[in-house]
Amino acid sequence: MSVRVRRVYDPPEPQEGVRVLVDRLWPRGLAKDAARVDEWPKALTPSTELRRWYHAGEGSYEEFAERYGAELAAEEAAEALEGVRELARRGEVTLLTASKTPEESHASVLARLLGA
């Protein structure tokens, strides 16, 4: 399995495989054709409450990752996670996020859970 995390604003590269947007909202100022997104499983995104809590600086990244992991155990999210896991079994997968710090975002939590 090969899973990587990149910013959705970075130009697509040929070796990225399936490009999966893992943000709930479409990235600002980015045309859909320019993003070259193959999948957009919104069930994988953190809840609005968790996202706001984390971005308000009320907790650490580690605590965010733990809470997000718990959210991913919900049925719809677990099914979406398994769908991306299946894509990764077949080839390269790139998780895309608009986050300015992808290494401290939900995308990196997903990558870890997918075995990146």
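User: How far apart are the end C-alpha atoms of helix α4, and what span should its 16 residues have?

Analyst: In this predicted model, the end C-alpha atoms of helix α4 (residues 75–90) are 23 Å apart. At 1.5 Å a residue, its 16 residues should span 22 Å, so the two values agree.

User: Which residues of α4 are buried?

Analyst: The buried residues of α4 are Ala 77, Ala 80, Leu 81, Val 84, Arg 85, Leu 87 and Ala 88. They cover an arc of only 155 degrees around the axis, which means that they lie on the same side of α4.

User: Why can residues some places apart in a helix point the same way?

Analyst: An α-helix has 3.6 residues a turn, so residues three or four places apart point the same way.

User: Which exposed residues does the face of α4 turned away from its buried side carry?

Analyst: That face carries the exposed residues Glu 75, Glu 76, Glu 79 and Arg 90.

User: And what do the buried residues of α4 pack against?

Analyst: They pack against the strands β1 (2–7), β2 (18–21) and β3, and against the helices α3 (61–71) and α5 (106–113).

User: Let us turn to α3. Which of its residues are buried?

Analyst: Tyr 61, Phe 64, Ala 65 and Tyr 68 are the buried residues of α3. Their arc around the axis is only 100 degrees, which places them on the same side of α3. These buried residues pack against α2 (48–55) and α5. The face of α3 turned away from the buried side carries the exposed residues Glu 62, Glu 66 and Ala 70.

User: Which residue forms a salt bridge with Arg 67?

Analyst: Arg 67 forms a salt bridge with Glu 63, and the closest N and O atoms are 2.9 Å apart. The two residues are four residues apart in helix α3, so about one helical turn separates them. Arg 67 is partly exposed at 37% relative accessibility, and Glu 63 is partly exposed at 33%.

User: What joins Arg 6, Asp 10, Glu 13, Glu 16 and Arg 19?

Analyst: Salt bridges that share partners join Arg 6, Asp 10, Glu 13, Glu 16 and Arg 19 into one network. The count of salt bridges in the model comes to 10.

User: Now to Thr 97. Where does it lie, and is it buried or exposed?

Analyst: Thr 97 lies in strand β3 (residues 92–97). At 1% relative accessibility, Thr 97 counts as buried.

User: With which side chain does the side chain of Thr 97 make a polar contact?

Analyst: The side chain of Thr 97 makes a polar contact with the side chain of Asp 23, at 2.9 Å. Leaving aside neighbours within four places in sequence, the residues in contact with Thr 97 include Val 5, Arg 6, Val 22, Pro 102 and His 106.

Key. Residues numbered from 1 in each chain as written. Predicted model: local features only at pLDDT ≥ 70, side-chain atom pairs only at ≥ 80, totals over all residues. Heavy atoms only, no water. Buried < 20%, exposed > 50% of the residue type's maximum accessible area, 1.4 Å probe, protein only. Polar contact = N/O pair within 3.5 Å; in protein donor to acceptor, adjacent residues only side chain to side chain. Contact = heavy atoms within 4.5 Å. Expected span 1.5 Å × (residues − 1). Arc of directions from axis to C-beta. Salt bridge = Lys/Arg side-chain N within 4 Å of Asp/Glu carboxyl O.
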